[in-house]
Amino acid sequence: MTQQIREARRRPVRRGALFTGVVLTASALVLSGCGADGGGGSADGESGDFDFTGKDVAAMEDYGVGDTFQATEPVEFGLFYRDHPNYPLKDDWLILEALEENQNVTFDIVSAPLSEWDQRKSLVIGAGDAPEIISVTYPGQEVAFVAGGAILPASDFVQYMPNYMDKVEKWDLEADLDQMRQEDGKYYVFPGFREEPRAEYSFAVRSDVWEELGLSLEPATFDELRDQLRTVKEAYPDAYPMTDRWSANGPLEATLSFVSPNFGTSAGWGYGEGLTWDGGEFVYTGATDEYRDLIEFYASLVEEGLLDPESVTQDDDQAVQKFASGSAMSIGTNDQEIVRYRTTVDELGSDVEMTQIRVPAGPAGDNFQAGQRTVNGFMLSSDVAESENFLAMLQFLDWLYYSDEGLEFAKWGVEGETYTKDADGTRVLNENITVMGLNPGAPENLQADYGFSNGVWTLVHGSTVELDRSMLRPEVLDFVEAMSTKKVLELAPPAPLSEIEREQVSLYQSALKDHVSQNTAAFILGQRSLDEWDAYVSELEGMNMPQYLELVNAAQQRYADAN
Amino acid sequence: MTDRLFRPAVQGGIRDSRSYTIFRMINAGLIVVICFVTLYPFLNVIAQAFSAEAYINSGQVNLIPRGFNVTTFGYVMGDPMFWRNYGNTVLYTVVATVIAMILTTTFAYALSKRNLKGRSFFIGVAVFTMFFNGGLIPNYILISTLGFKNTLWAIVIPNAISVFNLLVMKAFFENFPEDLEEAAAIDGLNTYGILWKIVLPLSKAVIATMVLFYAVSFWNSWFTAFLYMDKAELYPVTVYLRNMLAAATGTEALGTGGTGEASQVASNVKAVTMLLTVLPIICLYPFIQKYFVSGVMLGSVKQ
Amino acid sequence: MSVNNSVVVADAIELRSEMEERRERGGEKPARPRKHRVTWRKALKRDWRLYSLLVLPLVFLLIFRYLPMAGNVIAFRRFRPGGNMFGDEWVGFRYFELFVNDPTFWRAFWNTFMLGGLSLVIVFPLPIILALMFNELRSQRFKRIAQSISYLPHFMSIVIVAGMVLQLTSLRGSINQGLEAFGSSPIPFMQLPQWFPTVYITSEIWQTVGWGTILYLAALTTIDPQLYEAARIDGASRWRQIWHVTLPGIRPTMVVLLILNIGTFMAVGFEKILLLYNPLLYPTADVIATYLYRVGIISSNFSYATAIGLFEAIIGLTLILTANAISRRAVGTSLW
């Protein structure tokens, strides 16, 4: 089973910190008199300059934005590699060859299978045995390892990574980075960046049925969507207008995560720690009126027979079966699953058609979840700070993961060998290579045979809007562009907790979240009447909700005061 | 065959009672029902393994494969790493079972002697380990320090003794007729000889059972492998298949094959991986079955 | 010196008839030598070969089981991943207090107790009954085929079994179809906490009963056929034979398994419940292992998990000691 850790950790911090940081760094630079290499002026490295004597073997003298990294002598870095069965690791991959030839970099790889990735990572770091570069880490997963000192504080060293700093400045990512800060003000993971968040999840509807009934494929609001479902129900009384999936760990997790921002709240995968910032302090998401509105909407769907009641608990396979066999007329999807649904019905020879619709607007507006711009990244084990190749490593990682050239390389490959560029700059994949649905049926696969677009070396498939969308199918492009008109919500201020606080809080969080999940499902199904909402809130209060909020608000205050 | 089932047997001149005959009929009937209930889901899985994606996704597969194809099988079995890992599993299982049997049998036999001084203490030492263990990290550090990581030993040693099996075996040995052992002692055998020449040959049933238990558990194990192996070539096939299953059914958008081949095997990859893991071990059972004969020859020798 | 098995057997028969004659002659059973204190020296001298058999297993246990146990100390110390293996600072009973004060933990504890207990009471006797049923089959071929088929569920992967259970219990699944045929309305089994124990136990029965007969079948082969012969001559019907020969013959196995199962009944299977449960079912389905799993995702707190582990271990140990003592008093057989 997979851990769908999509809870972006919110670590709010005040903007005041940035200003102080700039002043300190600037004075440190002036006083120390050395310019390090290319660090941007808007660095937020709080600590002073790091002394790289003895640790800059193989590093480039002059390295900045736009430079191609090449180590001055061959280096080998330890890498904790996530082995994905779609592209098993091969020694002769072009990506490895190219990195060795052009960058003078090779890897000492320690593999772990995708199926046990998180557990193995946790074990290996816990036992103090972690390799230098720990790939595929989501912001939030590093928190447990901070106290033990096993992980390098990334924020102290990003000042030496010019492309990183450049993107932070260009894309205004300060607030997003602040979310990851710990109690000591530092953050410990090097996140992947997205220029703009990319929408992936939505509803897939039977466009043939919708068209037959004269319904628009672009419902503007959820109320409109509900009316559409009613029409479908009247026309097809034996089928469910909507079913849903991804309820493995909680009711309708994927769907609620993209629906909830339109109701002014967060739910499902987006629930995170259950904190909503109301402008002055944190309140508990599961007890807010907006959350209630969301649940009320869904409860009405179930009550009117518009939503299959089993959606909140069923297996994904069952959900897909219902949709594919026509017992349900719409289902939750992402841009890859819809292809699977389509192949299924095509093979069965039916005339069913489907589209992924834009997520409608809700009572709180036409919104998109906050904080989706810092994504899956990597960590460094703290002993790299002792390595003689430390500076070279920072430069290399900066180039590969944050420079436009490196990002393009990791995603598309080598120009001339795996792709070509048109006159207007569009990249065209070689005809004999397929990936992500481009050039279907081609004999070679960019991931499996060449090692590019690999989740370990490509953070988030791109990051600039342009690169990100360069490999998408036209249908997905339409969807993404339609969704990009949504308003991205703002982040809450950071409230990092101390180690001891976190120990206590994790138990509160777990208990509260369980109760919220359980009751969300119960309210939606009608097992519990919404009249009992107040009773439910009192139950939450009895489960240490006030204590939890107190701790978190105090932490936020503490951080705000210190910065 | 049916009349053999239902005809009341006549043994030693005494006919079976009527109630017993009825019982035997009901008994056979119930067992047929049980067989059906246990076999049906298995046949369903086999059918799914050979069916096309579309039929599985729309829930149309029951006992007969629909859209018969062996694509997933081909996909899996065409990967040389799969065979490499399969070989690993066979190697790990055989070595681990041998080591486990040696340790467990000698331990159980020694502990079955009631007049062994300190016996209770030693049994207690074993039972204690059933409940208390050190946890993941201390074990990891131990195996790492011993240099077992990425070797065969990391898999076959840590779980070499199952206290459960040990205690069951001990109980069997305790029940072994003492007179046989005494007679052998009189005839000049020492402890090792008695164990090797008398006790073991006559305990075929329990030894076969333990071999089966250990072999099955080592065959299915993946936990130790994922903990201590850093290279894909060293994985047993269970890790390989688990990995494949996780990729096919996970919601990791990043790095997924998208519309590539892999996502199309998602629906029956569960069935295929299960069959590939299970078939060899099921085939093992009939060979073990012939050892389930009476171990005590005493009664067959007429006075 | 090679010894012929049949010679040994013949000698044993002689020995046995001698002993029987002695008994018939009216003497008491040759008394066991009074248990006087045997010193270690004497014991080692007498049984050194037996002790030699113990050496390798004990060394194994020492290195691979007892040595890592030292790591359990982190239940009393704050362990930081990547820091000292034995924890960084002493915190005493803090983690114990944390879980004792958490009502969710106690709910999980109670569920573990219930599910484990039901398993023990319901699932334990069934393989015995099935083994006896197999034993009464006359046709050897049918018996062998039926046995092999009954083992199949044990080999089915948990993921598939969970999927099957969910399918069967769904609103349009087989069970509800059957209910509708009888006129009642469909029940959403997997959304009502009161049904979970039934669903869980039934799937456990299905999956384990066949495999569980193996040990009993092995035990049945150790019953001396002569005893059946003797009973038949004495005029016992097949029922009485089962009662007086078969059952006592497998009694030692039953007792050992019962004690072991009592000792481990709190170790309720984690993976199956994880795959089957959902938040609506937490009140009856959440067990200690799944509770720890959810808390672990948020906190990765090894010390907390170890503290709970120690708690469970102490309970298990107490249970097995008690079961063993009771068994010794009541039935005469025990684990040690």
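**View 1. Cys283(B) in the predicted model is partly exposed**. The relative accessible area of Cys283(B) is 48%. The closest cysteine sulfur to that of Cys283(B) belongs to Cys35(B) and lies 18 Å away, too far for a bond.

**View 2. Cys35(B) is a buried cysteine**. Its relative accessibility is 10%. A disulfide is a covalent bond between the sulfur atoms of two cysteines. Here a pair counts only when the sulfur atoms are within 2.5 Å. The sulfur of Cys35(B) has its closest cysteine sulfur in Cys283(B), at 18 Å, so the two are too far apart for a bond. Over all chains, the structure holds zero disulfides.

**View 3. A nonpolar surface patch on chain B includes Phe36(B)**. The patch covers about 630 Å². Besides Phe36(B), the residues that make it are Val33(B), Val37(B), Tyr40(B), Leu43(B), Leu63(B) and Ile64(B). Phe36(B) is part of helix α2 of chain B, which spans residues 18–49. With a relative accessibility of 55%, Phe36(B) counts as exposed.

**View 4. Chain C contains 15 helices and two strands**. The chain has 336 residues, of which 50% are buried. Chain C exposes about 16300 Å², and carbon and sulfur atoms supply 63% of that area. Contacts between residues at least 6 apart in the sequence of chain C join residues at least 24 apart in 63% of cases.

Methods:
Residues are numbered from 1 along each chain as its sequence is written. Chains are lettered from A and ligands numbered from 1 in the order in which they are written. This is a predicted model: local features need pLDDT of at least 70, side-chain atom pairs count only at pLDDT 80 or more; totals for chains, interfaces and linings use all residues. Side-chain values use heavy atoms; hydrogens and water are left out. Helices (H or I, at least four residues) and strands (E, at least two) are DSSP runs, numbered from the N terminus. Buried means under 20% relative accessible area, exposed over 50%, partly exposed in between (1.4 Å probe, protein chains only). Contact means heavy atoms within 4.5 Å. Accessible areas come from the Shrake-Rupley method with a 1.4 Å probe; for residues, only the protein chains shown count as cover. Patches are made of residues with over 30% relative accessible area and no salt bridge: like charges are joined within 9 Å, nonpolar side chains (Val, Leu, Ile, Met, Phe, Trp, Tyr) within 5 Å. A salt bridge is a side-chain nitrogen of Lys or Arg within 4 Å of a carboxyl oxygen of Asp or Glu.
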